[in-house]
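Subject: Structure handover

Dear colleague,

I am passing on the structure we spoke about, and my notes on it follow directly below. Please read them with the coordinates open beside you.

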Amino acid sequence: MPYIPHTPRDQERMMRAIGIGAVDELFRDVPESLRLRKQLDLPEPLSEMELVAELNEIANANRGVDHYTSFLGAGAYDHFVPSAVNHLVSRSEFYTAYTPYQAEISQGILQAIYEFQTMVCILTGMDVANASMYDGATAAAEAAVMSLNASGRKRVLVSQFVNPEYRSVISTYLSGGLATVDELACPGGVTGIDQLRAMLDDSVASVIVQYPNFAGIVEDLEALAGECQRVGAALIVIADPISLGLLKSPGALGADIVVGEGQSMGNPLHFGGPYLGFMGARVKYLRYLPGRISGATTDGEGNRGFVLTLQAREQHIRRERAYSNICTNQSLNALAATIYLSLMGKTGLRRVAELCLNKSHYLAGRLCEIDGVSMAYEAPFFKEFVVRLPMPAEEVVNKLRTHRILAGVPMGRYYSGMENLLLICVTEKRTKEDMDEFVQRLGAIL
Amino acid sequence: MSRSTEPLIFELSSPGRLGVDLPRCDVPSVDPGKAIGQNLVSSTGPDLPELSEIDVIRHFTRLSKRNIGVDTSFYPLGSCTMKYNPKVNEDLASLPGFASVHPLQPADDAQGTLRLLYELEQFLVEIGGMDAASLQPAAGAQGEMTGLMLIRAYHMANGDSARRKILVPDSSHGTNPASAALTGFEVVEVMSNDRGGVDLEDLKRLTDETVAGLMLTNPNTLGLFDENIEEIVKIVHNAGGLAYYDGANMNAILGICRPGDMGFDVMHFNLHKTFSTPHGGGGPGSGPVAVKKHLTRFLPKPRVRKDSDGRYYLDNDCPDSIGKVRSFCGNVGVCIKAYCYIRQMGAAGLTEVSKNAVLNANYLLSRLKGTYDLPYDRTCMHEFVLSAENLKSSGVKARDVAKRLLDYGVHPPTVYFPLIVHEALMVEPTETETIETLDAFADAMIAIARESESDKEKVLGAPHETVVGRLDEVLAARKPDLRWKPRAGAAAE
């Protein structure tokens with residue numbers, strides 16, 4: 001049997017030591033009435049060789065972004081991943097370890113988490129960060145829960161141009177009567193400050209916006225933060241980490257909690273996961289922060305070392321009084337992000353961000369030269385933008401796919417009245433040639 | 001003793017170094033200040049460390065050497081099922097055909113992945129004795145949260161809104177009560193009886209029309225199969241509550257018995273425990289939920305479906321769904337590895353997994369029970385709980401035993417859990433370990449018990465052979481140092 005090393009002789013020795021004549025005797029506590037009297041109905045086992053062939057066949061039934069020129073974004077991004085990332089996360093001392101409960105033989109992971117936390121703080125402008133969350137959406141939901149716990153308030157306002165997947169997850173998390181969730185409209189593509197002002201009062205625990213938002217637009221966080229501060233509501237910002245190579249950190253603009261999706265940093269698309277959420281916060285939220293946190297300390301001889309710390313917040317200590325139930329998170333994905341950011345460094349991340357900015361602006365400009373195509377919003381954008389088409393975006397997307405172009409995500413899938421709007425993403429991987437072909441093909445269709 | 005430290009990545013930084021080779025820009029440059037607004041653009045960019053590629057490679061390679069995993073050492077961490085992670089599964093999950101699919105590509109582009117997810121759901125349904133499953137939850141705790149939301153949705157749909165309580169045994173995983181509280185339930189603890197199972201009288205006393213459900217793992221966290229399980233589920237069902245099965249301990253019962261047949265209405269699996277996917281030093285995991293028919297319509301959306309032409313697709317038209325608990329479809333890469341494992345093991349193989357996991361645990365138990373206290377002296381399932389209480393007279397605690405084990409080159413058992421056993425040492429060897437490995441561990445445990453008598457300073461001062469000595473956790477919590485900061489006076493921007 002694969003992966004079970006025992007020979008019949010081993011098993012006999014063990015049974016003799018236990019004092020049984022058959023392994024079945026060990027299951028005597030399972031009531032007869034519950035014993036499964038049949039074999040599980042599963043496919044016949046495959047040898048390793050057959051498994052490889054079978055899985056290759058299944059994988060070949062997919063056609064990933066490499067098969068196309070992709071302009072898909074909307075929460076999952078086709079950024080370049082340097083080879084070194086995968087080589088390092090494939091070291092099995094990392095990937096076959098459990099959560100680092102025994103610090104002295106887990107210094108590698110614990111130090112990497114500490115470095116990750118520091119990088120999250122640097123990018124977001126926050127004081128503290130945790131070891132990771134499941135993904136950007138759950139990080140946003142847990143940030144909302146954090147704001148409720150810290151304030152005792154019962155209401156959360158979410159911008160309409162927060163990623164619809166995230167809004168859905170936030171609603172699910174808060175559905176148990178923890179809070180009411182109200183939506184803020186985005187006239188002109190940005191969170192409406194007048195409506196925010198009208199809705200904000202001291203019942204609001206937090207306001208959640210995205211930076212850049214779902215339509216790619218860079219929100220004016222400073223103005224939003226000012227409004228929040230007036231009533232003591234937390235400003236929760238969902239940030240694209242690549243954009244933070246160029247944009248001011250949300251912390252510098254007044255955010256209280258910053259979360260986001262870290263997939264862009266060294267993790268493959270993989271049909272949506274595993275990804276990683278990151279979470280940073282101002283220090284006043286430290287005791288409300290969910291999940292694992294690595295902290296520096298020393299051993300008896302004064303050597304620096306790292307441990308999981310502030311565990312009194314967590315489920316295994318506080319049980320039902322814990323602020324979150326998170327246990328296993330996305331450690332290996334966070335390690336990939338840490339390695340990615342180490343390779344990029346200060347200059348590299350900025351270069352990637354500039355490439356995204358330059359290329360998205362080039363494509364937007366070229367597309368708008370086509371008759372009937374225009375920008376949906378006149379607001380500043382980073383690597384994603386929304387264009388208005390003279391026909392339904394779904395139709396355009398379907399037609400361009402036959403030319404091996406994934407044109408983007410139709411906004412009408414998520415927002416009524418936006419059937420002709422298309423959300424387009426340009427990462428550093430798209431070339432001028434790719435974009436010129438897109439423009440030419442779209443022009444030919446319209 | 002070879003103590004050593006590794007500098008932080010920030011301490012290795014040297015201005016001007018770069019670890020990537022990026023392409024030149026092939027389109028006209030845009031002035032960020034003009035395009036986005038001076039007020040929103042940073043003048044310098046984030047102060048990330050600056051290193052060459054080889055610096056980064058060496059730093060993280062050295063860090064990896066300061067870590068142990070299943071590939072380096074025996075790892076009998078109770079409740080975590082640290083079995084061997086087959087290498088072929090790593091290769092297959094990262095095939096470009098899987099790794100390069102964007103979650104918003106049309107179903108036609110993702111037929112391979114969708115087929116795999118669809119079939120994995122079927123496998124889990126069969127293994128659990130349930131009717132339907134969702135792979136969306138990202139980890140066990142999220143599976144629990146999802147399951148509890150399903151229970152609430154079920155009661156609400158029946159107009160049964162007064163059910164606010166979730167019962168959990170006092171031996172339960174900490175995530176159980178935490179998940180219930182996060183979901184807005186009131187948590188009520190049920191006592192264990194002197195055999196380590198659920199106290200039926202206490203359960204009857206606590207079960208009434210305000211109870212939404214009971215969360216249980218069986219075998220429980222003591223590694224004991226609760227022989228009253230049918231009665232327990234009946235008590236809850238008779239009062240109108242639902243039964244939730246925490247799948248953390250599924251490695252004991254694959255092909256032997258099924259939560260669905262025990263009467264459970266909803267359960268989660270831990271693919272990173274039972275189905276061999278690596279734990280990654282703290283994730284990614286995957287915590288699929290499976291349910292009986294009466295809960296199917298509430299499962300998270302989208303559902304993976306197959307049409308009459310054999311084409312797979314994502315169905316978002318699920319009006320009764322609790323919604324989404326995570327973006328997209330879950331930790332797909334992890335699901336692929338679990339799928340590979342099940343396809344390679346097959347039904348007979350999975351049954352052998354549990355038989356040998358239970359055999360290994362009982363063998364270790366037989367070797368250790370004279371040396372350490374055994375609070376519940378019964379045949380165990382895939383794990384068992386010892387107590388180091390008998391070493392206390394020499395001042396040695398479970399924590400010290402654990403730290404001394406590090407010197408013997410093994411990962412210690414889970415300590416101080418479950419909470420109902422003092423000085424608990426929870427041992428789960430798994431089926432992938434040889435008798436020689438088990439013997440070496442037993443020998444080390446026995447040697448440490450002897451050292452506690454003969455040379456207790458050695459045990460109390462452990463570990464001696466690790467890169468750092470025993471770390472001061474109190475200091476870490478009292479003076480939190482959670483991020484590196486540039487030294488005062490060092491050149492800032």
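Over all chains the count comes to 57 salt bridges, in what is, please bear in mind, a predicted model. Between chain A and chain B the count is 15 salt bridges, and there are also 93 residue pairs in polar contact across these two chains, both residues being at pLDDT 80 or more. On the side of chain A that touches chain B, helix α11 (residues 331-367) gives the most, with 24 residues, and by class that side has 95 nonpolar, 54 polar and 36 charged residues.

The contact involves 185 residues of chain A and 209 residues of chain B, and the area buried between them is about 17000 Å², with carbon and sulfur atoms giving 63% of it.

Several individual pairs can be looked at in turn. A:E165 and B:K324 meet through their side chains in a salt bridge of 3.3 Å, N to O, which crosses between the chains from helix α7 (residues 164-173) of chain A to the loop between β9 (312-315) and α12 (332-368) of chain B. A:E165 counts as buried because its relative accessibility is 12%, and B:K324 counts as buried because its relative accessibility is 7%.

Within chain A, the side chains of A:R167 and A:E183 form a salt bridge at 2.8 Å, N to O, linking helix α7 with strand β4 (residues 180-184) across 16 residues of sequence. Here A:R167 is buried, at a relative accessible area of 14%, whereas A:E183 is partly exposed, at 42% relative accessibility.

Another pair that crosses between chains is B:D47 with A:K346, a salt bridge of 3.1 Å, N to O, running from the loop between α1 (32-36) and α2 (53-65) of chain B to helix α11 of chain A. B:D47 is partly exposed at 36% relative accessibility, while A:K346 is buried, with a relative accessible area of 19%. There is also a network of salt bridges with shared partners, which joins A:R13, B:R367, B:D439 and B:D443; within it, the closest N and O atoms of A:R13 and B:D439 are 3.8 Å apart.

Finally, B:R483, in the segment after α16 (473-478) of chain B, is buried yet has no salt bridge, the nearest side chain of opposite charge being A:D127 at 5.6 Å. The residues that B:R483 touches include A:Y114, A:T118, A:C121 and A:D127.

Best regards

Key: Residues are numbered from 1 along each chain as its sequence is written. Chains are lettered from A and ligands numbered from 1 in the order in which they are written. This is a predicted model: local features need pLDDT of at least 70, side-chain atom pairs count only at pLDDT 80 or more; totals for chains, interfaces and linings use all residues. Side-chain values use heavy atoms; hydrogens and water are left out. Helices (H or I, at least four residues) and strands (E, at least two) are DSSP runs, numbered from the N terminus. Buried means under 20% relative accessible area, exposed over 50%, partly exposed in between (1.4 Å probe, protein chains only). Lys and Arg count as positive and Asp and Glu as negative; His and the chain ends are not counted. A salt bridge is a side-chain nitrogen of Lys or Arg within 4 Å of a carboxyl oxygen of Asp or Glu. Contact means heavy atoms within 4.5 Å. Buried area is the accessible area (1.4 Å probe) that two parts lose on being put together, summed over both. A polar contact is a pair of N or O atoms within 3.5 Å; within protein, one must be able to donate a hydrogen and the other to accept it, and residues adjacent in sequence count only if both atoms are side-chain atoms. Ala, Val, Leu, Ile, Met, Phe, Trp, Tyr, Cys and Pro count as nonpolar, Asp, Glu, Lys and Arg as charged, and the others, Gly among them, as polar. Lists of a residue's contacts leave out its neighbours within four places in sequence.
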